Amino acid sequence: MGQSMYIFLLVGFVGFAILAIFLRDLLKAAISLAFSSIFLAMIFFHMKAYYVGVFEISVVAGLITVLFIATIGLTKGQGDVKERKIPLVIFPLFFIAFLFLDVVIMNALKTQMAVLSGKPEVPHFPQVLWGFRTLDLVGQIGVIFAGVFAVLALFRKGGTHE
Amino acid sequence: MLFLFIAIPLAVASILPLLGKISKRVLPDLLGNLTLVFLLGYTLWIGKELSQAGGIVQRLEWLGEPLAIVLVLDGFSHLMLFTVSSVALCVTLFSIDYMKHYGEKVPYYALFLMMIAGMNGLLLSPDIFGIFLFLELSAIASYGLVAYGLGHDELEASFKYLMLSAVASGFVLLAIVLLFGLTGSLALGDIAMGLRALPPSPLVWVCVAFFVMGFGLKAAIVPFHAWLPDAHPSAPASISAMLSGLLIKVSGIYALTRLLFNVFGVTPTLSTVLLYLGTLSMVVGAFLALGQNDIKRMLAYSSISQIGYILLGLGAGNPLGLLGGLFHIMNHAMAKALLFLDSGSIERATGTRDLQKMGGLASRMPLTAATSVVGSLSIAGVPPLNGFWSKLLIILGLIEAKHYGFALIAILASVLTLWYYLVIQRKAFFGKLNEIWRGVVEAPFWMSASTVILALGCIGIGIFFSPMLKTWISPAVEILYGGTVHALNFLGL
Amino acid sequence: MNSFWFLNMGVVALVVFLSIYGLLTMKNLIKLFIAVEVLSKGLTLAWIVTGYAKNHLMTAQSVAITFIVVEVCVVATALALIVNIYRHTKSLDIGKLTKLRG
């Protein structure tokens with residue numbers, strides 16, 4: 001892939017993210033979010049980060065989109081929330097302004113960054129995750145349990161306290 | 001075995017849902033409390049080993065093969081561990097009676113133990129991403145706990161808390177990315193060495209700013225405090241006690257202090273920033289607490305104010321100020337938890353949190369009134385309670401560092417604090433007994449017992465403040481004052 | 001740090017701006033949460049790009065995957081909250097959630 005392909009991926013990623021936030025229809029917004037994830041995963045593949053690319057597609061573009069669609073389904077009815085039009089209209093102004101600032105700051109910082117290179121790395125991924133960052137795995141297990149318990153707590157019966 | 005601090009709460013939390021129907025009434029309470037008794041005992045026991053060794057590094061092994069879990073304990077984390085386990089134990093004792101009206105207890109204790117595991121993991125982790133991960137763990141558990149009552153207020157408060165907290169975590173992660181980019185490593189020791197070796201660059205300042213914004217929101221420092229006055233009143237009283245007394249200190253103040261002092265190295269500019277933030281929190285919190293009629297909301301604003309005091313102590317930069325700041329972390333945790341638990345007792349007995357409606361409850365609820373007075377006087381800084389000593393040390397530290405203006409503001413804010421706490425006490429407990437409350441009885445056994453334990457703790461620490469300072473706080477101060485040198489501990493050297 | 005890294009960090013900054021803009025202006029609860037999701041995507045990109053630029057891709061991927069797991073749990077909790085709020089107020093408008101004032 002070349003430079004132009006990469007720029008296309010970046011533009012797709014940001015473009016679908018913009019759509020996801022500004023689209024009126026919730027379902028279309030969720031699907032834009034999924035597309036944004038897919039572009040992000042392709043960016044990861046371009047950088048040869050295969051593991052996280054696959055994980056991003058299956059979990060973020062897959063699981064999270066399913067969760068969003070389930071929630072949208074469970075909360076339908078009683079009319080839509082009317083979003084104000086003004087933020088959408090003035091957004092391009094802010095966007096261009098920020099883009100300009102962004103480019104200026106990045107160019108300024110580019111000349112000043114000295115960095116350390118750090119220790120050389122083991123190239124074998126499973127060894128890194130299991131062998132070097134095992135505490136993260138404990139944390140992951142904890143976080144998953146916490147999420148499960150939180151959802152269980154929120155959907156339990158007979159707990160209302162007004 | 002430092003790993004037990006994380007593993008035991010996690011393990012107990014995971015087996016809780018597997019309990020049968022019959023044991024569901026007693027076993028969650030029993031297991032929850034036993035876990036905390038174990039944690040507290042283990043903290044005290046490991047203190048002996050710590051004082052001999054000066055710092056414990058544990059490398060886990062699995063069947064002879066080294067597993068890459070490294071956990072580090074030093075004076076500062078040990079102080080926080082002790083505060084967490086002692087206050088949390090009292091809160092779980094309180095929960096035995098308090099949670100009877102909330103339906104199923106199993107999710108509550110499971111989430112509670114998860115929160116404890118997350119806090120312990122944060123305290124013991126030598127790795128900056130580990131800090132983030134366990135921070136998120138206790139945060140997710142707290143989102144569930146704040147909304148536990150499933151009432152309108154609780155859900156709204158939990159949602160706003162979640163949104164703001166997620167953005168704060170985002171900023172923390174951005175700062176971590178920048179640090180990783182600059183130094184190439186995620187271990188705190190490596191980062192400290194790396195930052196010293198690099199020439200000063202604007203990116204380091206951006207990192208510090210992001211960390212202050214992110215952890216500042218978790219610690220409810222003004223101007224990032226907006227979520228706290230909504231989240232703490234709506235949550236169940238035991239959870240308000242945990243959040244206000246422990247979570248904002250562990251996930252906010254501890255993380256920020258550890259990074260600023262031991263990794264970045266505190267410079268005079270950083271100290272000044274801390275002083276200004278602290279003063280802002282102190283004053284804004286105190287003023288906003290004045291007009292409140294909801295007792296828990298007032299306590300929440302008071303927490304914001306007291307966090308300001310802690311920041312002032314930390315910003316003073318000298319050992320006296322650090323001594324006062326760290327001591328205040330422990331004292332405020334105990335006293336604020338005590339006050340929130342008492343407010344829970346009042347709410348359970350009278351069904352309201354509105355101070356205008358209360359009056360003269362002391363004659364019907366003597367224990368609650370007495371412990372509440374102890375807690376209020378402690379926070380207001382009245383001798384010989386523990387709060388007095390920590391506030392005195394902070395003010396002395398400020399004076400010694402020639403920050404006379406800040407010291408004066410701190411004294412004035414202290415007077416304000418004393419005033420509004422006395423007003424609350426008078427409105428709620430003393431004065432004429434409001435006729436509606438004639439039938440009210442004292443809180444159930446465990447609720448009163450836990451508040452009495454905390455009150456005795458406040459009094460005891462106040463009287464025995466000198467040995468407390470020597471054994472618990474001084475080692476922590478050495479670690480922080482030593483600055484980035486101590487980051488080498490985290491390399492396991 | 002080469003210009004590739006700066007290009008991508010510029011995009012990350014843009015995405016963060018987008019997310020905060022969304023958080024400040026949107027009124028639908030689910031939209032607000034989509035804004036938080038976009039923020040998470042930007043952060044994941046930042047991680048991988050930094051790892052790539054420093055030749056530490058494996059650590060970066062490991063951390064990014066852990067972060068995605070955390071993100072999923074936060075999403076699950078938040079959406080459970082949203083469903084519960086909807087059951088109470090029958091609306092997804094954040095304007096209705098004004099009982100508490102910061």
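How do the residues of the lining of the second largest cavity divide into nonpolar, polar and charged? Keep that in mind as you open the model; the answer comes at the third stop.

Before you start selecting, note that this is a predicted model, in which local features need pLDDT of at least 70 and side-chain atom pairs count only at pLDDT 80 or more, while totals for chains, interfaces and linings use all residues. Residues are numbered from 1 along each chain as its sequence is written, chains are lettered from A and ligands numbered from 1 in the order in which they are written, and side-chain values use heavy atoms, with hydrogens and water left out.

**Stop 1: chains C and A**

Select chain C and chain A together. The contact (heavy atoms within 4.5 Å) takes 69 residues from chain C and 80 residues from chain A. Between them, about 6,700 Å² is buried, and carbon and sulfur atoms give 77% of that area. Buried area here is the accessible area (1.4 Å probe) that two parts lose on being put together, summed over both.

Looking for salt bridges (a side-chain nitrogen of Lys or Arg within 4 Å of a carboxyl oxygen of Asp or Glu) gives a count of zero between chain C and chain A. Polar contacts are another matter: eight residue pairs, both at pLDDT 80 or more, are in polar contact. That term means a pair of N or O atoms within 3.5 Å; within protein, one must be able to donate a hydrogen and the other to accept it, and residues adjacent in sequence count only if both atoms are side-chain atoms.

Now colour H1, H2 (29-53) and H3 (57-89) of chain C, the elements that give two or more residues to the side touching chain A. H3(C) supplies the largest share, 27 residues. Helices (H or I, at least four residues) and strands (E, at least two) are DSSP runs, numbered from the N terminus. By class, this side of chain C has 42 nonpolar, 18 polar and nine charged residues. Nonpolar covers Ala, Val, Leu, Ile, Met, Phe, Trp, Tyr, Cys and Pro; charged covers Asp, Glu, Lys and Arg; the others, Gly among them, are polar.

**Stop 2: chains A and B**

**Stop 3: the cavities**

Rolling a probe the size of a water molecule over the atoms shows where empty space is left. On a 1 Å grid over the protein atoms alone, a cavity is a set of points where a 1.4 Å probe fits but cannot get out, and a pocket is an open set with protein on both sides within 12 Å along at least five of seven lines; lining residues have an atom within 4 Å of a point. Grid points are joined across faces, edges and corners, and a volume is the space filled by probe spheres set on the points.

The whole structure has four cavities of 30 Å³ or more. To centre your view on it, pick Glu136(B), Ala166(B), Ser169(B), Ser40(C) and Phe67(C), the closest to its centre of its 17 lining residues. H2(C) gives the most to this lining, with six residues.

Next, the second largest cavity, of about 80 Å³. Its lining includes Tyr161(B), Lys218(B) and Trp227(B). Here is the opening answer: six nonpolar, three polar and one charged. H5(B) provides the largest share, three residues.

**Stop 4: the second largest pocket**

This pocket holds about 660 Å³ of space. Select Met163(B), Leu164(B), Val167(B), Leu23(C) and Leu24(C), which of its 25 lining residues are the closest to its centre. H6(B) gives the most to the lining, with seven residues.

**Stop 5: two loops of chain B**

Go to the loop between H8 and H9 (228-234) of chain B, where you will find Pro223(B). The peptide bond from Val222(B) to Pro223(B) is cis, with omega near 5 degrees. Ala220(B) lies in the loop between H8 and H9 too; although not a glycine, Ala220(B) has a positive phi of about 60 degrees.

Finish at the loop between H14 (366-380) and H15 (386-400) of chain B, which holds Pro384(B). A cis peptide bond joins Pro383(B) and Pro384(B), with omega about -5 degrees.
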